[in-house]
Amino acid sequence: MGRYIIRRLLQLIFVVFGISFILFTILSLTPGDPATLILGEAATAESIAAKRAELGLDDPFFVRYFSYLYNIFAHGDFGNSYRSGMPVFKEVFTRFPNTLKLALLTITISAVLGILFGVLSAVKQYTWIDNATLAFTLLITSVPSFWLGLMLIILFAVQLGWLPVSGGTDSIRGFILPAIAGSVGYMANTIRQTRTSMLDVIHSDYITMARAKGCNEKTVTFKHALRNALLPVVTLIGINIGWQLGGTIIIEQVFTISGIGTLMITSVRSKDIPVVLGCVTFVALLASLINLATDILYAYIDPRVKSSYTK
Amino acid sequence: METRISKSAQYFNEHQRTICTKTQLQKWFTENITGTFISSEDSDFMVETEEPAMKKIKSAVALVLGVTLLAAGCSGSGKGSGGGTESSSSGTTAAELDTSQEKSVHTEVQDATKDDFVFTIISEPANIGQEVTNNNGRLCTIQVYDSLIKENGGDRTDLLPNLATEWEFSEDGKTLTFTIKDGVKFHNGDTMTAEDVAFSLDHARKLSTNASTGNIIEDVQVVDDSHVALTLAYPYKPILNIIAQPQYCIYNKAYTEKCESEGTVMDRCPMGTGPYKFVNWVSGEEINFERFDDYHDQDHVAKMKNLKVKIMTDATTAALAIENGECDAFLGVNTADMPRLDANEDTIIYRTTSTGYHLLTLNTRKAPFDNQKVRQAIAKAINVEEVFVGGHDGIGWITTQPITYGIFGYDKNFEAMPYDLEGAKQLLAEAGYPDGFKCTLKVKQDSYYSTPAQICVEQLRKLGLDIDIKIQETGTYDTEVDTNFDYDIAYEMTVAQYPDADATVFMRLHSSCINSPKGNVAGAVNEDLDKLIEEARYELDDEKRLELYREISEINKEESYYIPLVTSTNSVVVRKEVQGAYAHGGGQYRISDWSYVAE
């Protein structure tokens, strides 16, 4: 198991290399001049030329790329933002706590409620509970998250005054509405996946055997069926966490949360290449680590998987 | 029974094509036309006359639908909806705006009833200091730093002493000497000296962000303890407007050098002489300031102790926040939210001219736009009032010269090329294109530009042009149009860095800027024009300069290199309790002159 983990960690280095090169190439080749975008509407020819010289944008592509890689490996320096001049990882780590709080709350809501409703729907298949759950899933899948976010703001913040309009404050109150708005899409997927997995499992022979042995329904459902049904659900939740930590841009924009998503959007728009590279590298590393954690979790959910890791 | 009435035939003839807003047009039709106003489309208005009973049924249905739409957020907070047939103050005429500006600048300001003031902006400034490049940065910079000269509230052409008590040009106009105010304290307790002033101005002129204005200043010298002299490359009256900008604010020399030697980004921990001290900057969220009690101008010590500049990246959410009272002022309101905020009793919108105007650019480097008759035909085919009402919701100022409305050099009596579609078609035929030709109009993807651009495209189709619109991402547009000049017609905005005609006229019309990105994008090469532009640049007499800019505008009108359209507005929304507020085209909101007085 340890060797498996080390092997996966070593693969991350190649992931980082690959992503940085692809992204650097895309950002360099796409139209748009960072100097012009940073200087804005009042940019003049002289100020653009001076800014380009200052940022080293006139150097050839490979000079800039290898200089960037050298700074990372020799000095651990991911560069400074073209816009603000601040170190890239300072920008990223200042915003990451907000994204983390939002992600954890969103995933918790979507996972807990998703699994609960999915199990309920499977156990009560073909009843009104099942139909209502499926209809609810369809509804929340269809509703765009930005619209839902604005409606929640109008109702709970403006009309009722229970919660703040904007999110991302120190208090948890600022994250409730964004988490609800962000969780609905993931909740729908989790409900459907849990229901499907549970339906596959509860019709299995060993479940029939468990009932024949006299186990109560609660034990049959949660101890025997759910554990086996969880594997695909855990995969889905792992993927969702990766997406969330990459920053849900729409939710961050609507609720004006200063997170990774907002930072990426701002940086892409102004072609702030160091920040874009830093953000994407950071998110890629996180996503890879989460995938690894998900794989390790499999081993504890299903012992058969653990044995395959040790081979 | 519905009747369609053309507004241009009736209203404009009656009102002699007065600049107006869509709401005023709607109001006029309601009062003067029998029936009920229903809707407006393009240039026509729909008026309905039908049975009262049927109308009641339809009203009931509309009410049910309206409640559903209300829940979908179409009509905002429910305190009152703007636009439609209800009376609304969405959009105001230039005259009303001028008056409201006057009122806000001269209002007596009482002592504040609270210590904390929250000012919301929709994008985070990149820095606070001389390298600012947008209004959000200037808003923050002006709290912490002072310049030698300041603009009088929202009036950008009225300059007042600030850190300098007086100034004088030499006879040849190439030396400008400032007398420095005594006893000015920095936030760290240091006293400002002539050395600090000279260092700051020299530092500012060498920045890449100030390259175009910095080139005008050749040298900065300390004359004595109370005087600093600027040596200019040529006589340049607008240098005073430049010095008044936050980009030329005064730094503490020792502090700046200390930050540079330590590798600290000073723009993130600014320290100046301004009415507020910097406290902290929570990246992406807020920037906090605290009143500076030893401010050099004791008549303008801040009324409110704490200022928070809050960053809310979504303008719709920010508009809801100010309606809810979560912030006291908001810069960056969407046009779509303006009618609701105008109608809301708890909020006030102040408007003023922005620093830029919208225009159409014709690429004289390519046929057939190198033909003067073709360009004139296009100019005549554009109905600027329609673009103003349809594309800008009637908010702003129709602009007739290639100069931002209201800044020095703009003549409010100057008449642009009149709209004349038949005349345009004739000119096009004379130019050899009786059946029109194929071309493309490029515009940035922001609806602020693309909506009025689409109106222009429709108007040019009526002229007979086979024209397509290409809406492009900003970076692509900047590269194709402003750098590579790969376009036929472009819709864009020209922004003046300071409120003087030379800020835009030189770079847009002088032949030396023909290959400069964002410069003479039309490719205008005209010797007479070059001479007039240079003369206006070096002239120190205001009357003579005004006359020269009139002549320049006449040549542009004749040649139609650029078709000026509308100067947009800069708006700020404040809570009704805020006193002393005003809008500013350059983001220079001196919150120290404002107050919050709860009822």
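The buried residues of α18(B) are B:Leu529, B:Leu532, B:Ile533, B:Ala536 and B:Arg537, and they make a friendly way into this predicted model. Seen down the axis of α18(B), these residues fall within an arc of 135°, so they line one face of the helix.

**Helix α18 of chain B**

- Helix α18 of chain B covers residues 527–538, twelve residues in total.
- From its first C-alpha to its last, α18(B) reaches 17 Å, which is close to the 16 Å expected at 1.5 Å a residue.
- An α-helix has 3.6 residues a turn, so residues three or four places apart point the same way.
- On the face of α18(B) turned away from its buried side sit the exposed residues B:Glu527, B:Asp528 and B:Lys531.

**Chain B as a whole**

- The secondary structure of chain B comes to 19 helices and 22 strands.
- Chain B has 599 residues, and 52% of them count as buried.
- Take the contacts in chain B between residues at least 6 apart in sequence: 70% of these join residues at least 24 apart.

**Where chain B meets chain A**

- Between the two chains, 47 residues of chain B are in contact with 45 residues of chain A.
- On the side of chain B that touches chain A, α7 (211–214), α10 (315–323), α16 (474–483) and β19 (489–495) of chain B each supply at least two residues.
- The largest share of that side, seven residues, comes from α16(B).
- Sorted by class, the side of chain B that touches chain A has 25 polar, 13 nonpolar and nine charged residues.

**The two domains of chain A**

- Chain A is divided into domain 1, residues 2–75, and domain 2, residues 90–310.
- The C-alpha centres of domain 1 and domain 2 of chain A lie 32 Å apart.
- Across the boundary, 15 residues of domain 1 of chain A are in contact with 13 residues of domain 2 of chain A.
- Helices α1 (2–29) and α2 (34–39) of chain A each supply at least two residues of the side of domain 1 that touches domain 2.
- The largest share of this side of domain 1, eleven residues, comes from α1(A).
- By class, the side of domain 1 of chain A that touches domain 2 of chain A has twelve nonpolar, two polar and one charged residues.

**A hairpin in chain B**

- Strands β5 (residues 149–152) and β6 (residues 155–161) of chain B pair in the antiparallel sense over four bridges.
- Within this pairing, B:Glu151 stands opposite B:Leu159 in β6(B).
- The two strands form a hairpin with two residues between them, and B:Gly153 in the turn has a positive phi of about 60°.

**Backbone details to look at**

- The peptide bond from B:Ala367 to B:Pro368 is cis, with omega near 0°.
- B:Pro368 lies in the loop between β15 (347–362) and α12 (372–381) of chain B.
- A:Lys271 has a phi near 50°, a positive value in a residue other than glycine.
- This lysine, A:Lys271, lies in the loop between α12 (260–269) and α13 (273–301) of chain A.
- A:Lys271 has 24 other C-beta atoms within 10 Å and is therefore buried, the cut-off being 20 or more.
- B:Ser560 has a phi near 55°, again a positive value in a residue other than glycine.
- B:Ser560 lies in the loop between α19 and β20 (562–575) of chain B.
- B:Ser560 is buried too, because 23 other C-beta atoms lie within 10 Å.

**B:Ala377 and its surroundings**

- B:Ala377 has its place in helix α12 of chain B.
- B:Ala377 counts as buried because it has 29 C-beta neighbours inside 10 Å.
- Leaving aside neighbours within four places in sequence, B:Ala377 is in contact with B:Ala424, B:Leu427, B:Leu428, B:Ala431 and B:Leu463.
- B:Ala377 and B:Ile180 are 197 residues apart along the chain, and their C-alpha atoms are separated by 54 Å.

How values were computed:
Residues numbered from 1 in each chain as written. Chains lettered and ligands numbered in written order. Predicted model: local features only at pLDDT ≥ 70, side-chain atom pairs only at ≥ 80, totals over all residues. Contact = placed C-beta atoms within 7 Å. Nonpolar A, V, L, I, M, F, W, Y, C, P; charged D, E, K, R; others polar. Expected span 1.5 Å × (residues − 1). Buried ≥ 20, exposed ≤ 12 C-beta atoms within 10 Å, placed from the backbone. Arc of directions from axis to C-beta. Pairing = 2+ DSSP bridges. Domains from an automatic or database assignment.
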